[in-house]
Amino acid sequence: MTKEKKVEFVINTLKELYPTIPIPLDHKDPYTLLIAVLMSAQSTDVRVNQITPLLFEKADNPYDMVKLSIEEIREIIKPVGLSPMKSKGIYGLSKILIEKYNGVVPQSFEALETFPAVGHKTASVVMSQAFGVPAFPVDTHIHRLMYRWNLSNGKNVVQTEKDAKRLFPKELWNDLHLQIIWYGRQYSPARGWDLEKDIITKTIGRQSVIDDYYKLKSPNR
């Protein structure tokens, strides 16, 4: 199968499996999404969705957020991990939003990436999900699947993002990055992976990945 055909197969399969695509992080506007995405670094969406209501009950906008101390924010978000860095980031970016942007989240990669604790991936998620700007934020699921599907060499997320943007049509990026995340969680996880259920990897996957899978499953091993 040619690379073009593989890409087509991925797009069609994902469209069939996920005709409507839920957004993983609960939020009500660009600000609450930005905070939720920042909190999700090295944590799970499920954990973040348990904690954000507690934080947003006290402060769901930058003006209320800066009324809290960094220590108070940290206390609330402790369960998501990395709370010292994240609480400083949340407080710091809220202050910048008030001082520079009248409390409104800017619709620009460059502006978002200047905020404390906000990297390229966080900015990409916000631009994509809050503002509908084409972006392809690469998380661990996308990184793993692009390698398993032999669509990227898996060296680093920067390369994976470049490959994804090169291979997939721009108008599909915002849907695809979410569809791949859901697919990775459901059918192609890092642990407890069942290749028989993973139709995409089984059909177009990297041969060495498939060989390694069966070697590990082999009873003679």
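How much space lies in the largest pocket? The points below take this up along with the fold around it.

1. **Basis.** This is a predicted model, in which local features need pLDDT of at least 70, side-chain atom pairs count only at pLDDT 80 or more, and totals for chains, interfaces and linings use all residues. Residues are numbered from 1 along each chain as its sequence is written, and side-chain values use heavy atoms, with hydrogens and water left out.

2. **Pocket volume.** The largest pocket holds about 690 Å³ of space. A pocket here is an open set of points on a 1 Å grid over the protein atoms alone, where a 1.4 Å probe fits, with protein on both sides within 12 Å along at least five of seven lines. Volume is the space filled by probe spheres set on the points, which are joined across faces, edges and corners.

3. **Pocket lining.** The lining counts 29 residues; lining residues have an atom within 4 Å of a point. Ser40, Ser43, Asp45, Lys121 and Asp139 lie nearest the centre. By type, the lining has 14 nonpolar, eleven polar and four charged residues. Ala, Val, Leu, Ile, Met, Phe, Trp, Tyr, Cys and Pro count as nonpolar, Asp, Glu, Lys and Arg as charged, and the others, Gly among them, as polar.

4. **Who supplies it.** α2 (30-39), α3 (45-58), α8 (120-131), α9 and α11 each give at least two lining residues. The largest share, five residues, is from α8.

5. **Helix α9.** This helix covers residues 140-148. Its buried residues (under 20% relative accessible area, 1.4 Å probe, protein chains only) are His141, Ile142, Arg144, Leu145, Met146 and Arg148. Their cover includes α10 (157-167), α11 (173-186), α12 (199-204) and α13 (207-217).

6. **Ends of α9.** At the start, a side-chain oxygen of Asp139 comes to within 3.1 Å of the backbone nitrogen of His141. Asp139 is also among the residues nearest the pocket centre. Just after α9, Asn150 has a positive phi of about 60°.

7. **Whole chain.** The chain has 13 helices and zero strands; helices are DSSP runs of H or I, at least four residues, and strands are E runs of at least two. Of the 221 residues, 46% are buried. The C-alpha trace spans about 60 × 40 × 30 Å along its principal axes. Among contacts (heavy atoms within 4.5 Å) between residues at least 6 apart in sequence, 59% join residues at least 24 apart.

8. **Annotation.** UniProt, in an unreviewed entry, places "domain: HhH-GPD" at residues 39-186. Such annotations may be inferred rather than shown by experiment. That span is 65% helix and 0% strand, with its end C-alpha atoms 23 Å apart.

Note on methods
Buried < 20%, exposed > 50% of the residue type's maximum accessible area, 1.4 Å probe, protein only. Polar contact = N/O pair within 3.5 Å; in protein donor to acceptor, adjacent residues only side chain to side chain.
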